[in-house]
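This report describes the fold and packing of one protein chain.

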Amino acid sequence: MSGGSAGLSDEPISKSPDRIAAMFDAIAARYDLLNHLLSGGIDFWWRKRAIRSLALTGRERVVDLCTGTGDLAIGALRARPGAASVVGVDFASAMLQVATKKIDRERLRDRLVLVRADATRIPLADASVDAVTIAFGIRNVENVAAACGEMARVLKSGGRLAMLEFAVPDVPGWRSVYGWYLTHVLPRVGRAVSRHDGAYAYLPASIDAFATPDELMKILRQSGFFMVSTVRLTLGSVCLYAARKA
């Protein structure tokens, strides 16, 4: 599946769990800094928008997949109203270590539990959570359909999904600028700050190779979701997918 070319290589990208986990472990210490820097701080707003789409009441149990350093999970608890509790799931141990420090600093250990696991094998019971969130993680999963199936499995009937993911913009002028930024600026800044050669070359390539919004919505429907919709944010460079479990 391809999200459409942004001027990047068409070579296949390896998304083996061991490789991706090792890559994120290598950049964990500077991951948050680069997120904020490379997005111009808009990533804070993207996450708030995703949480708002869940229409939380203060009673929900949420699972945040590919939780990384925990920003979305913490945001779900800090929202007004927010989640009652959150389980953060990720397979990169160094990212979870950074998240643990944040949780301790925020004094949220009694409401936010971190679990090291793969998004295609969520260690939770069927129909055990009220909402699922995932920010910029589904693109890195080797088997997208399996992960979407797992999200549906752990959700209660009528439970909500909020998913953020990068996309190739559909605005012609911005598409060209965005492709240039991904190809020339982001890898250089990412490499200089993270001191990792591969991670910030992988990022733009993975965006270019990922499913289109229509393709991802089709996978969600096939996985047991309904009321599937997408809202394009920041001129289409990010999509917010919303859905409910059938």
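## Terms and basis

A residue is called buried when its relative accessible area is under 20%, exposed when it is over 50%, and partly exposed in between, using a 1.4 Å probe and protein chains only. This is a predicted model, in which local features need pLDDT of at least 70 and side-chain atom pairs count only at pLDDT 80 or more, while totals for chains, interfaces and linings use all residues. Residues are numbered from 1 along each chain as its sequence is written, and side-chain values use heavy atoms, with hydrogens and water left out.

## Overall fold

The protein chain contains 8 helices and 7 strands; these are DSSP runs numbered from the N terminus (helices H or I, at least four residues; strands E, at least two). Its C-alpha trace spans about 45 × 35 × 30 Å along the principal axes.

Of the 246 residues, 51% count as buried. Among contacts (heavy atoms within 4.5 Å) with a separation of 6 or more, 76% join residues 24 or more positions apart.

## The nonpolar cores

A nonpolar core is a set of buried Ala, Val, Leu, Ile, Met, Phe, Trp, Tyr and Cys residues joined through side-chain atoms within 4.5 Å. The largest has 47 residues, and Phe24, Val86, Leu164, Phe166 and Tyr200 have the most contacts inside it. Helix H1 (residues 17-39) gives the most to this core, with 8 residues. Apart from it lies another core, of 34 residues, including Ile134, Val154, Ile219 and Phe225.

## Phe166 and Ser237

Leaving out residues up to four places away in sequence, Phe166 touches Trp46, Phe136, Arg139, Tyr178, Leu203, Ile207, Ser237 and Val238. Ser237 lies in the loop between strands E6 (225-233) and E7 (238-245).

Ser237 is buried, with a relative accessible area of 4%. Its side chain reaches the backbone oxygen of Thr234 at 2.8 Å. With neighbours within four places in sequence left aside, Ser237 is in contact with Glu165, Phe166, Ala167, Pro169, Trp174 and Tyr178.

## Helix H8

The buried residues of helix H8 (residues 213-222) are Pro213, Leu216, Met217, Ile219 and Leu220. They cover an arc of only 155° around the axis and so lie on the same side of H8; the arc is that of the directions from the helix axis to the C-beta atoms. An α-helix has 3.6 residues a turn, so residues three or four places apart point the same way. The buried residues of H8 pack against helix H5 (144-154), strand E5 (155-166), E6 and E7. Exposed Asp214 and Gln222 are on the face turned away from the buried side.

Ile219, in helix H8, is buried, with a relative accessible area of 10%. Just after H8, Gly224 takes a positive phi of about 110°.

## Leu65

Leu65 is found in strand E1 (residues 61-65) and is buried, with a relative accessible area of 0%. Beyond residues up to four places away in sequence, Leu65 touches Val89, Ala119, Ile122, Val132, Thr133, Ile134, Ala135 and Met151. The C-alpha atoms of Leu65 and Ala147, 82 residues apart along the chain, are separated by 9.4 Å.

How values were computed:
Polar contact = N/O pair within 3.5 Å; in protein donor to acceptor, adjacent residues only side chain to side chain.
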